[in-house]
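Here's a quick walk through the fold, starting with the overall layout and then zooming in on the packing.

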Amino acid sequence: RSNDNNNSEDNDDKEEDDLFDRSVLATPVAAMKALLGVVQRSNANTMMELQDELKQARQEILTQTYGYNQIALASGCDLFVRYATRTFLEFPSFQASKASVLERGQRFASLSLAA
């Protein structure tokens, strides 16, 4: 990896760490935003690969946020993944599906934040 790529990843990690600051967002919404970042940075070529990346990210979120409400976090992650990936079969290409996952994920996170 190049140095620029490492700096970008460091910034992404810091942003995701900031998401879990209790005073900023509800923890499940922060987890959803972290999962959106996973989708945005994903190099997956199939929906199955993307879903595997999201599962790994979910597990990492739960591991790294010990002490937070684990049930709310797990539920928020699961609902996000189900909602965001629900319509992927409706698109002719994976790139179109991925764009839909991002759009639906952003909408779901926004709705969750407003609730």
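Helices (H or I, at least four residues) and strands (E, at least two) are DSSP runs, numbered from the N terminus. On that basis the pattern along the sequence reads α-α-α-α-α, with 5 helices and 0 strands. This is a predicted model, so local features need pLDDT of at least 70 and side-chain atom pairs count only at pLDDT 80 or more, while totals for chains, interfaces and linings use all residues. Residues are numbered from 1 along each chain as its sequence is written, and side-chain values use heavy atoms, leaving out hydrogens and water.

Of the 115 residues, 40% count as buried; buried means under 20% relative accessible area, exposed over 50%, and partly exposed in between (1.4 Å probe, protein chains only).

Now take H3, residues 47–64: its 18 residues reach 25 Å from first C-alpha to last, close to the expected 26 Å (1.5 Å times one less than the number of residues). Here is how some of its residues sort out:

| Class in H3 | Residues |
|---|---|
| Buried | Met47, Leu50, Leu54, Ala57, Ile61, Leu62 |
| Exposed, on the other side | Met48, Lys55, Gln56 |

Seen down the axis, the buried residues of H3 fall within an arc of 135°, so they line one face of the helix (the arc is that of the directions from the helix axis to the C-beta atoms). What covers them includes H2 (27–41), H4 (70–85) and H5 (94–114).

Conventions: Contact means heavy atoms within 4.5 Å.
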